[in-house]
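Please open the structure in a viewer and keep the selection tool at hand. The stops below are given in the order in which they may be selected.

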Amino acid sequence: PTILANNLPMNICNTTQMPNPNAASHPPNQNEPILKSPTSSFLSPPFLQHLASPTIQKVVIVGCGGGFDFVHSMLFYPESRQMGKEIIIVSNSFGDVEHFESEPLSSQYDATPSMDVRLVTAKTGHLQRSVYAPELHVLAFLDEQFPEEAPHSMYACYARDNVVPAFSRFLESLGADALVAVDGGSDSLMVGDEEDLGDPIEDAVTVCSINECSANLKILFLVGLGCDRFNGVSDASSLRAIAELTRDDGFFGCLSVCGSPLTFYQSCLDYINANQSFQSVLAGCISASGRGFFGDEKESADAEGTPRVSAGSCFLWPLMPILWAFDIDTVSRRSRIVSWVKHANSMRELHQILRYKRQVTDLRGVEELPRHVDYRC
């Protein structure tokens, strides 16, 4: 059964935020207590209240950028399942979807010929460990965890082929009540005038595509705040973005992930890492910081266990294992990059537009967080 907002599962540690200011307001009843019970919706963030609504039945979860972004949905997948929702996952893959032994579905969604969409299960491909295919491993993991619902499936498409006109048509065809994008890191919040943007194109295409859809609820989740400093994104830029989105009524609250959701996520990562050689730096940072590691502690080797990262280059902090939620319409309106990529029809055109717009935009300098020593009395 669908779990209503005043009876929400509470095994995710809660960081509260004021109710969504976009929601319909009602005159307060002076005789009504502010908190009706210990499980009042006041203690749950707006995004969880929205998702728990009985009007939201089909939830489509989209990896925002590419690669492992869809994997981070495992942080809240069990909770969404317990709400009784129909869950559809779409992976923006950085792997070759032709490895999947299934027929392309692109023509069914009026997509461009270059957009290759596949419906895959854990049995769709038989790959060597050296081949990058987290989709298959996540599906095999879900089959083991929830055998009564096996085989699980998801859609996979090649992230670097996606353009807004085609991707938005595909997402619209899924008939979602809620479209939820999941971004590992925070480059999806970059406007375009920051000193460095990380890897923004796939994020902006997804945000813009979802914004074009007619779903009743459109949410951007990000997790791993601070991980994108490895890709050049300033933590100060990310926190300023959250402040500006809050000011624009686009912040839907946040949750600190701990306990069983974090354990489920770590088990999924362990399964993936046991079956493919590539390991996600960002996922390792989320997991390590969620288990209490801080800074460049030596024990956080699982966040640095890849040749792409030198020891000590990932600074862990407790903001990484937090799910931050935002209204995609607000994120889209704020972002210059979204407006830049909206009408592009190829990845080459996307890169050309971004490069040109950055050349003619007055860019900020490097944004830094204040040092403690500078604020001493």
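The model is a predicted one.

**First stop: a cis peptide bond.** Select P151, in the loop that joins α3 (134–145) to β5 (153–158). The peptide bond leading from A150 into P151 is cis, its omega being near 0°.

**Second stop: helix α3.** Step back to α3, a helix of 12 residues. From first C-alpha to last it reaches 16 Å, close to the 16 Å expected at 1.5 Å a residue. Is this helix enclosed or open? Of its 12 residues, 10 are buried, so α3 is largely enclosed by the rest of the structure. The buried positions are P134, E135, L136, H137, V138, L139, A140, F141, L142 and D143. To see what surrounds them, display α2, β3, β4 (117–121), β5 and α7 (260–275), against which the buried residues of α3 pack.

Next, centre the view on I219. Which residues is I219 in contact with, leaving aside its neighbours within four places in sequence? They are F47, L51, L179, V180, A181, F252, A325, F326 and I328.

Select K85, in the loop between α2 (77–82) and β3 (86–93). K85 is buried but forms no salt bridge. The nearest side chain of opposite charge is that of D177, 7.7 Å away. Which backbone oxygens lie by the polar atoms of this side chain? The backbone oxygen of I56 is 2.6 Å from a polar atom of the K85 side chain, and that of S53 is 2.9 Å from one.

Move to D249, placed in the loop between α6 (235–247) and β8 (251–256). Although D249 is not a glycine, its phi is positive, at about 65°. Is D249 buried, partly exposed or exposed? Its relative accessibility is 31%, and D249 therefore counts as partly exposed, a class that lies between buried, under 20%, and exposed, over 50%.

Key: Residues are numbered from 1 along each chain as its sequence is written. This is a predicted model: local features need pLDDT of at least 70, side-chain atom pairs count only at pLDDT 80 or more; totals for chains, interfaces and linings use all residues. Side-chain values use heavy atoms; hydrogens and water are left out. Helices (H or I, at least four residues) and strands (E, at least two) are DSSP runs, numbered from the N terminus. Buried means under 20% relative accessible area, exposed over 50%, partly exposed in between (1.4 Å probe, protein chains only). Lys and Arg count as positive and Asp and Glu as negative; His and the chain ends are not counted. A salt bridge is a side-chain nitrogen of Lys or Arg within 4 Å of a carboxyl oxygen of Asp or Glu. A polar contact is a pair of N or O atoms within 3.5 Å; within protein, one must be able to donate a hydrogen and the other to accept it, and residues adjacent in sequence count only if both atoms are side-chain atoms. Contact means heavy atoms within 4.5 Å. The expected span of a helix is 1.5 Å times one less than its number of residues.
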